[in-house]
Amino acid sequence: MFTPITKKSVSDSVFEQLRQRILAGELAAGETLPSERHLAETLGVNRGAVREALKRLEQAKLITIHQGESTRVLDFWETAGTELISSLIFDADGQIDFEVARSVMEMRSAMAADIARLCAIRSPEIAENLLRICEEMKLGDLSARQDLNMEFWATVIRGSQNVAYQLAFNSIRELYDQMRELMAVVLMEELNNLSSHRTIAEAIGAGESEKARKLALELVSTRAPSSLVG
C-alpha cells in the first residue's frame, strides 16, 4: 500500500506520500490510519519523521489525531482551506486538473471585482501606485507584464483591507508561480489590456466603487480559453 521512503527529507516525503493518497481517495474519509510504529516500519523511516508528518497533515485539516486513540482521515472537501488548492491543481501524473483550474479562475474573477470595489471605498489614495504600475506595464515584455499584473492586483487587495481576500490571494499567487508559462497564455488578453488596468486605477482613485467593480470583473473575465473556463 505504501512506498518506502528514499528521499533525504524523510518527514517531507512521508507527508507528501500520505497527502497524495488522501487527496486521491486511496485513504478515504473516516478511514483509520495505521499506528505510527506500523507506518514507520512500512515506510522504512523512524517514528519521529512519521509523527512530524502526521502533525503537518493535521494542521492541513486532512486528518484528526486523538491522543492515545486512532488517527482518522478527514473529508478534506469539508475541512481544508485554500492552501490545499496548489495540491489539487495537479493530478498524480503531474497533469493539470482543469476542473480545479476553472474553479480557481472563477474565484479570481469574483475576488477581483470585489477587491476593486472595496479598494475604491477604503484606499482611493493607492491609485497613485496603481497608475505607476500601469506605466511600467507599457514598457515591459510579456514576462515583465506578468509580474506587474500580479503587483497590480496585490496592490488592489492590500487597498481592500480584507484579510480573508488577502489570504486567498496568497494561495492563488502560489499556484500561479507553479504554472507561470500556462498562465501567460491563459491571461494573454488581460496582460495586454493596458487601458483597462488604467481605467480601474482611475476609478479607484476617484472613489467610484461600483465602476471599479464592473471594470475589474470585465478585465479578468475576458481571458481564459474554453478548456479552462468552460
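Between two axes, an angle under 35 degrees is called roughly parallel, one over 145 roughly antiparallel, one from 65 to 115 roughly perpendicular, and any other oblique. The axes themselves are lines fitted to C-alpha atoms, for helices over the stretch in contact, with angles running from 0 to 180 degrees between N-to-C directions.

The model shown is predicted, so local features require pLDDT of at least 70 and side-chain atom pairs pLDDT 80 or more, while totals for chains, interfaces and linings take in all residues. Residue numbers start from 1 along each chain as its sequence is written, and side-chain values rest on heavy atoms, without hydrogens or water.

**View A. The protein chain as a whole, with 14 helices and 2 strands.** Helices (H or I, at least four residues) and strands (E, at least two) are DSSP runs, numbered from the N terminus. Along the principal axes, the C-alpha atoms fill a box of roughly 65 × 30 × 30 Å. Of the 230 residues in the chain, 43% are buried. Buried stands for under 20% relative accessible area, exposed for over 50%, and partly exposed for values in between (1.4 Å probe, protein chains only). Contact means heavy atoms within 4.5 Å. Among contacts between residues at least 6 apart in sequence, 67% join residues at least 24 apart.

**View B. Helix H1 against helix H3.** Two packed helices are described by the angle between their axes and the distance between the axes. For H1 (residues 10-23) and H3, the axes come within 8 Å and cross at roughly 50 degrees. The two helices are therefore oblique to each other. Their crossing is right-handed. A crossing is right-handed if the near helix is turned clockwise from the far one by less than a right angle, and left-handed if anticlockwise. From H1, the contact takes Val10, Ser11, Asp12, Val14, Phe15, Leu18 and Arg19; from H3, it takes Ala49, Val50, Glu52, Ala53, Leu54, Arg56 and Leu57. By class, the contact residues of H1 and H3 are 9 nonpolar, 1 polar and 4 charged. Here Ala, Val, Leu, Ile, Met, Phe, Trp, Tyr, Cys and Pro count as nonpolar, Asp, Glu, Lys and Arg as charged, and the others, Gly among them, as polar.

**View C. Helix H2 against helix H3.** H2 (residues 36-43) and H3 (residues 47-59) have axes that come within 9 Å and cross at roughly 115 degrees. That makes H2 roughly perpendicular to H3. The crossing of H2 and H3 is right-handed. Glu36, Arg37, Leu39 and Ala40 of H2 meet Arg47, Val50, Arg51 and Leu54 of H3. The contact of H2 with H3 splits into 4 nonpolar, no polar and 4 charged residues.

**View D. Val45 in the loop between H2 and H3.** Val45 is buried, at 14% relative accessible area. Which distances separate Val45 from Val10 in sequence and in space? The pair is 35 residues apart in sequence and 7.2 Å apart in space, C-alpha to C-alpha.

**View E. Positive phi at Lys61 and at Gln161.** Neither title residue is glycine. Lys61 sits in the loop between H3 and strand S1 (63-65). Its phi is near 60 degrees. Lys61 is partly exposed, with 42% relative accessible area. Gln161 occupies the loop between helix H8 (142-160) and helix H9 (163-178). Phi of Gln161 is near 55 degrees.

**View F. The largest nonpolar core, with 67 residues.** A nonpolar core is a set of buried Ala, Val, Leu, Ile, Met, Phe, Trp, Tyr and Cys residues joined through side-chain atoms within 4.5 Å. Leu62, Phe152, Trp153, Val156, Ile200 and Ile204 have the most contacts inside this core. Helix H6 (residues 98-122) gives the most to the core, with 10 residues. Beyond its neighbours within four places in sequence, Val156 contacts Ile115, Ala116, Cys119, Leu130 and Ile204.

**View G. Thr155 in helix H8.** Is Thr155 buried or exposed? At 2% relative accessibility, Thr155 counts as buried. Residues up to four places away in sequence aside, Thr155 touches Ile126, Asn129, Leu130 and Ile133.

**View H. Leu88 in helix H5 (residues 85-88).** Leu88 counts as buried, at 17% relative accessibility. Not counting residues up to four places away in sequence, Leu88 touches Leu23, Phe76, Trp77, Asp97 and Val100. Gly207 lies 119 residues from Leu88 in sequence and 38 Å from Leu88 in space, C-alpha to C-alpha.
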